[in-house]
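Subject: A structure for you to look at

Hi there,

Here is the structure I said I would pass on. Have a look at it first, then read on for what turned up.

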Amino acid sequence: EFRRVLFRSDMSSSGRVNVLDTGDGEVHFGSRIRASSNYIEGTRINGLNDFDNLARYDYDDKYGDIKRILFDEGKLYVFKFLKDSWAPVYGNMIEDQQGTNLLAASTSILPNTLQYFLWDGGVGNNPESIYRNGNQIFHISPTSGVLARIGGNGVDPISKIYGLDKDIRDLLKSATASKAHIIGGFNRKKGHYLLSIAEHDN
C-alpha cells in the first residue's frame, strides 16, 4: 500500500539538507594555567593525569601569552611575553587597610591573579633562555634588550648593572630579528650565566 505524506516545508525540516556544525576547530588559550589532581605518595592514588575543568585560571592581560612556568619553594614563576610575574601556590595576595600586601592561605592551588615584578620586560619568544641557579633565575629580555636576573630584589637588569648594555642590546637585536634560539645555562664553578646563541644571518 502506498501512502503520500505531505507537510508544510516552512514548518518542518524533514527531508531537507541542513548544515551540521560539529564544533570542530582550534581555540588558543595562551594565558591559561590548569592544575591536575594530586599524587599521594605511598598509595595507588595518582591524579596527575586528571584535570578538573574548574581547576584553571585565564590570566589574560596586556602582557601577552605565558611562555614558561617554573616552580620554586611554594611559588610559580610565570614568564610572559612582556612581563615576569609570580604566584603563590595554595595562596592569594590580599591587601590590608594600610595597603600592605599579605599572603593568605587558599584551598585553591592556583591564585586569582598574578603578581607582576616592577621591571618592564619579558622573555619574548625566547623561554629557552631561562635558567635557575639556586634562588636566582636568569633570562634574556628581548623586549627590553637586557639580561635579567630574578632574586631577592625582584628583577635586576644585570647587563646594565655590569656595563654590558650596548653589547647585549646589539646581540639580542640581531638574534631575535633572525628568530634564533638563545639557550641559557650556568657555570656553577665560576658563577656565570651563559648564553648559547644559534647561528643566524644578521
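Let's start with a charge and a ring: R32 lies over the face of F29, 3.9 Å from the ring centre. There is a second case like this, where the charged end of K75 sits over the ring of W86, at 4.5 Å from its centre. Keep in mind as you read that this is a predicted model.

Now zoom out for a moment. The protein has 2 helices and 14 strands. It counts 202 residues, and 32% of them are buried. Its accessible surface comes to about 14100 Å², with 49% of that belonging to carbon and sulfur atoms. If you take contacts between residues at least 6 apart in sequence, 44% of them join residues at least 24 apart.

Next, the rings. How many aromatic pairs does the count come to? It comes to 5. One to look up is Y63 with Y116: the ring centres are 4.7 Å apart and the planes meet at 50 degrees, so this pair is tilted. A stacked pair would need planes under 30 degrees apart, and an edge-to-face pair over 60. Y63 sits in the loop between β2 (51-58) and β3 (66-72), while Y116 is in strand β8 (residues 115-116), so the pair ties together parts that are 53 residues apart in sequence. Are these two buried or exposed? Y63 has 19% relative accessibility, so it counts as buried, because the cut-off for buried is under 20%. Y116, with a relative accessible area of 27%, is partly exposed.

Then try F138 and Y193. Their ring centres are 5.2 Å apart and their planes are at 15 degrees, so this pair is stacked. F138 belongs to strand β10 (residues 136-141) and Y193 to strand β14 (residues 192-197), which makes this a link between distant parts of the chain, 55 residues apart. Both F138 and Y193 are buried. They also belong to one aromatic cluster, together with Y131 and F186.

Last stop, a hairpin. Strands β6 (residues 91-95) and β7 (residues 101-105) run antiparallel and are joined by 5 bridges. Across from I94 you will find L102 in β7. The hairpin has 5 residues between its strands, and G99 takes a positive phi near 85 degrees. While you are looking at strands, remember that in a regular strand the side chains alternate between the two faces of the sheet.

Happy browsing!

Terms used: Residues are numbered from 1 along each chain as its sequence is written. This is a predicted model: local features need pLDDT of at least 70, side-chain atom pairs count only at pLDDT 80 or more; totals for chains, interfaces and linings use all residues. Side-chain values use heavy atoms; hydrogens and water are left out. Two strands pair if DSSP finds at least two bridges between them. Helices (H or I, at least four residues) and strands (E, at least two) are DSSP runs, numbered from the N terminus. Rings of Phe, Tyr and Trp (its six-membered ring) pair if their centres lie within 6.5 Å; planes under 30 degrees apart count as stacked, over 60 as edge-to-face and the rest as tilted. Buried means under 20% relative accessible area, exposed over 50%, partly exposed in between (1.4 Å probe, protein chains only). A charge sits over a ring if NZ of Lys or CZ of Arg is within 6 Å of the ring centre and within 35 degrees of the ring normal. Contact means heavy atoms within 4.5 Å. Accessible areas come from the Shrake-Rupley method with a 1.4 Å probe; for residues, only the protein chains shown count as cover.
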